[in-house]
Amino acid sequence: MENKNAATPKNEVVFILGKSYTRTGRLIRIDRLQLDPKNPRYALSQTDTVEEMRDRLRRNASTKELRKSIAANGGLVRPLYVRRMPDGKYLALEGNRRLTALQGLNQIDPEYWVYVPCLEI
């Protein structure tokens with residue numbers, strides 16, 4: 001059973017300095033999403049790896065609470081903002097804690113937590 005509560009987000013149009021940009025809504029498999037190591041709130045230190053960054057986020061009390069909230073709601077309230085990378089995977093530009101929480105839920109129930117609602121920038 002896949003997370004049937006995951007709905008494809010609607011496309012959004014934003015205007016920046018008079019120019020319009022479309023954010024495309026899509027459901028992306030959780031195994032195609034990666035944390036952003038350059039995220040200023042969770043940036044890697046000189047000795048961190050992406051896995052160490054993920055572990056640090058997993059241990060964070062607010063991430064644990066977020067995981068409980070996502071599980072109780074059956075999914076995300078707000079989609080992740082992502083950018084497609086040349087290798088076909090997606091970088092989470094906004095939503096690293098949400099992605100980490102979802103990855104934890106995926107480890108508990110990999111048949112349910114498969115797709116993540118995202119807006120591709």
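At what angle do helix 1 and helix 2 pack, and how far apart are their axes?

A quick note before the solution: this is a predicted model, where local features need pLDDT of at least 70, side-chain atom pairs count only at pLDDT 80 or more, and totals for chains, interfaces and linings use all residues. Residues are numbered from 1 along each chain as its sequence is written, and side-chain values use heavy atoms, with hydrogens and water left out.

*Solution.* 
- Step 1: The angle is about 75°, and the axes are 5 Å apart. Axes are lines fitted to C-alpha atoms, for helices over the stretch in contact, and angles run from 0 to 180 degrees between N-to-C directions.
- Step 2: Angles under 35 degrees count as roughly parallel, over 145 as roughly antiparallel, 65 to 115 as roughly perpendicular and the rest as oblique. So helix 1 is roughly perpendicular to helix 2.
- Step 3: Look for who meets whom: Leu57, Arg58 and Arg59 of helix 1 meet Ala61, Thr63 and Lys64 of helix 2. Contact here means heavy atoms within 4.5 Å.
- Step 4: Sort these residues and you get 2 nonpolar, 1 polar and 3 charged. For the sorting, Ala, Val, Leu, Ile, Met, Phe, Trp, Tyr, Cys and Pro are nonpolar, Asp, Glu, Lys and Arg are charged, and the others, Gly among them, are polar.

**Exercise 1.** Work out the order of helices and strands along the protein chain.

*Solution.* 
- Step 1: Count the elements: 3 helices and 6 strands. Both are DSSP runs numbered from the N terminus, helices being H or I with at least four residues and strands E with at least two.
- Step 2: Walk along the sequence and you read β-β-β-α-α-β-β-α-β.

**Exercise 2.** Check whether the length of helix 3 fits its residue count.

*Solution.* 
- Step 1: The expected span is 1.5 Å times one less than the number of residues.
- Step 2: With 13 residues, helix 3 should span 18 Å, and its end C-alpha atoms sit 19 Å apart, which agrees.

**Exercise 3.** Describe how helix 3 meets helix 1.

*Solution.* 
- Step 1: These two helices pack at about 85°, their axes 10 Å apart.
- Step 2: Helix 1 and helix 3 are therefore roughly perpendicular.
- Step 3: Helix 1 brings Met53, Arg54, Leu57 and Arg58, while helix 3 brings Asn96, Arg97, Thr100, Gln103 and Gln107.
- Step 4: That group splits into 2 nonpolar, 4 polar and 3 charged.

**Exercise 4.** Is Thr100 buried or exposed?

*Solution.* 
- Step 1: Find Thr100 in helix 3.
- Step 2: Buried means under 20% relative accessible area, exposed over 50%, and partly exposed in between (1.4 Å probe, protein chains only).
- Step 3: Thr100 has 1% relative accessibility, so it counts as buried.
- Step 4: Skip neighbours within four places in sequence, and Thr100 contacts Leu35, Arg54, Leu57, Arg58 and Thr63.
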